[in-house]
Amino acid sequence: MEQAQTIPLQQGIVYGPVRSRRLGLSLGLNVLPDEAKACSLNCRYCQYSWTGLLTASGEKVRAFLPSREEIREAVERALRELARRGTPPDVLTFSGNGESTLHPDFPALVEDLLVLRDRLAPACRTAILSNATTVDREEIRKALLRLDDPILKLDTGREDTFRRLNAPAPGVRFAAILEGLRALGSAAILQALFVRGAVDNATDGEVGAWVEAVASIRPRYVQIYTLDRGPADRGLLPVEPERLRAIARTLEERAGVPGHVYG
């Protein structure tokens, strides 16, 4: 069977609502550029293909980013229109073309979103899909704690695998990610994507190291999944559902942390 293709970058600040296998009906908030992915990782499995603006500093890409005012206005227009239609989303999600927390105004963006949510869509939850590379910064952790569902990536417990699978920008330290995640603890929801092929993080040894790392964090629960769309690296393959369920069982048995399997 032919492998699926990567998907185009999101255009505009607000997109959807889209049906998410993990979140329900999600209105996506892209606070990053339209023309290139801005991210602190260059993950082999990314559905948006390779990272065009690879950096750990949002200031270095500020010129490409929408302003706080533009983001606030776009979200307000979208929420007013959805309210008019009588079709509010289940969740408002920071996601889009890279790592949202790189935006230099991210803490303020969270506060703006909460004000708009409370006024225009009070039943909606708020969430982020983040790669966790900024959670060593206290101001980012405080902002994440303001969201209902801070969903943070941890695909491996080994730094060498992290570098091969997630390909971080200079300055991103795996130890700092783990330290920041531990500081969030049970407030965090982790997400872990398992793959085979060019890099394999689903072996017994890899899973054992990952479970140990998750146990040290004690998150609310972990979302466990595999490739659903085409990856940047065509040498990656999805992990079979039976293996994903076995990983979830191992996580719960060894770490006492619930694992929710998707796909």
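Predicted model: local features only at pLDDT ≥ 70, side-chain atom pairs only at ≥ 80, totals over all residues.

Trainee: How many residues does α2 have, and what span should they give?

Mentor: Helices (H or I, at least four residues) and strands (E, at least two) are DSSP runs, numbered from the N terminus, and the expected span of a helix is 1.5 Å times one less than its number of residues. For the 15 residues of α2 that gives 21 Å, which agrees with the 21 Å between its end C-alpha atoms.

Trainee: Which residues of α2 are buried?

Mentor: A residue is called buried under 20% relative accessible area, exposed over 50%, and partly exposed in between (1.4 Å probe, protein chains only). An α-helix has 3.6 residues a turn, so residues three or four places apart point the same way. In α2 the buried residues are F106, L109, V110, D112, L113, L114, L116, R117 and L120. Among the elements that cover them are β2 (24-29), β5 (91-94) and β6 (125-130), along with α1 and α3.

Trainee: Which residues have the most contacts inside the largest nonpolar core?

Mentor: A nonpolar core is a set of buried Ala, Val, Leu, Ile, Met, Phe, Trp, Tyr and Cys residues joined through side-chain atoms within 4.5 Å. The largest one here has 74 residues, and F94, L154, F194 and W210 have the most contacts inside it. Its largest share, 7 residues, comes from α2. If contact is taken as heavy atoms within 4.5 Å, then F94 touches, among others, F106, L109, V110 and L113, leaving aside residues up to four places away in sequence. There is also a second, separate core of 6 residues, which includes V91, A127, I189 and Y221.

Trainee: How many salt bridges does a search of the whole structure find?

Mentor: Side chains of opposite charge can pair when their charged atoms come close. The rule applied is a side-chain nitrogen of Lys or Arg within 4 Å of a carboxyl oxygen of Asp or Glu, and a search of the whole structure finds 21 such salt bridges. One of them joins the side chains of R72 and D112 at 3.3 Å, N to O. This pair links distant parts of the chain, with R72 in helix α1 (residues 68-85) and D112 in helix α2 (residues 106-120), 40 residues apart. R72 is partly exposed at 29% relative accessible area, whereas D112 is buried at 11%.

Trainee: With which residue does D148 form a salt bridge?

Mentor: D148 pairs with R117, and their closest N and O atoms are 3.3 Å apart. D148 lies in the loop between α3 (138-145) and β7, and R117 lies in helix α2, 31 residues apart. D148 is partly exposed, with a relative accessible area of 26%, while R117 is buried at 11%.

Trainee: How many disulfides does the structure hold?

Mentor: A disulfide is a covalent bond between the sulfur atoms of two cysteines. The cut-off is a pair of cysteine sulfur atoms within 2.5 Å, and the structure holds 0 disulfides. For C43, the nearest cysteine sulfur is that of C39, 6.3 Å away. The sulfur of C46 is 6.6 Å from its closest cysteine sulfur, in C43, which is too far for a bond. C43 is buried at 7% relative accessible area, and C46 is buried at 14%.

Trainee: Where is T156 found, and is T156 buried or exposed?

Mentor: T156 is in the loop between β7 (149-153) and α4 (159-166), and at 1% relative accessibility T156 counts as buried. A polar contact is a pair of N or O atoms within 3.5 Å; within protein, one must be able to donate a hydrogen and the other to accept it, and residues adjacent in sequence count only if both atoms are side-chain atoms. The side chain of T156 reaches the backbone nitrogen of R158 at 3.0 Å and makes a polar contact of 3.3 Å with the side chain of E206.

Trainee: Which helix holds S216?

Mentor: S216 is in helix α6 (residues 204-217) and is partly exposed, at 33% relative accessibility. A polar atom of the S216 side chain lies 2.6 Å from the backbone oxygen of A213.

Key:
Residues numbered from 1 in each chain as written. Heavy atoms only, no water.
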